[in-house]
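Me: I've got a protein model to look at for class. Can you walk me through it in plain words?

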Amino acid sequence: VAALACVARIGGAYRTCDVSVFGAIGDNRTDSTASIQAAVNACRQGGVVVFPTGIFLTSGIDVTSSQLLTLEVQPDSTVATVRDPDPHNLISGTNVSELVVHGGGVLDGRRASDDRRSGGARILAFSGVDGLTVSNVTLLNAQNFHLYVYGGRRISVGNVTVPSHCG
């Protein structure tokens, strides 16, 4: 079934990998880390990973060494970290080239509103980036920074909502 989720490049077209076809379940209960990572791996060198309607839980998505990868979190979709005493970055990677995160949905770090500890997981964390676009998403409940980039160039962030929990 997973093979049907990706459309091979034909004349320069990109693959489209729907995480639900790879087995991810957007029920806000199931840890879909393995299925989501399989979709990312299938599109890592040029493709669009689609998160359809639902709340998809993961202990982290690794986009290391990806090129021309788009993570499309659709408007009725949330990608959230699994509640875990050992926090993980939601989406992270090193040596990333031309990564786009967009789609109108929500990326949720699931930090408890009363958790005031410093440190901890980030929602988006990258190092060694050459081309990053983050747009049309909401970033919620980071344990640390919502977006962290170390050693990056050609970075564009626009139309990103980050509600404040200060006060």
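Reply: Strands are DSSP runs of E with at least two residues, helices are runs of H or I with at least four, and both are numbered from the N terminus; two strands pair if DSSP finds at least two bridges between them. This is a predicted model, where local features need pLDDT of at least 70, side-chain atom pairs count only at pLDDT 80 or more, and totals for chains, interfaces and linings use all residues. Residues are numbered from 1 along each chain as its sequence is written, and side-chain values use heavy atoms, leaving out hydrogens and water.

Me: Which residue in S7 is the bridge partner of Leu57?

Reply: S7 covers residues 77-81. Across from Leu57, the partner in S7 is Ala80.

Me: Which residue in S9 stands opposite Thr78?

Reply: S7 also runs parallel to strand S9 (residues 106-108), with three bridges joining them. Opposite Thr78 stands Val106.

Me: Which residues is Leu99 in contact with, leaving aside neighbours within four places in sequence?

Reply: Contact means heavy atoms within 4.5 Å. With those neighbours set aside, the list for Leu99 is Val63, Leu69, Leu71, Phe126, Gly131, Leu132 and Thr133.

Key:
Buried < 20%, exposed > 50% of the residue type's maximum accessible area, 1.4 Å probe, protein only.
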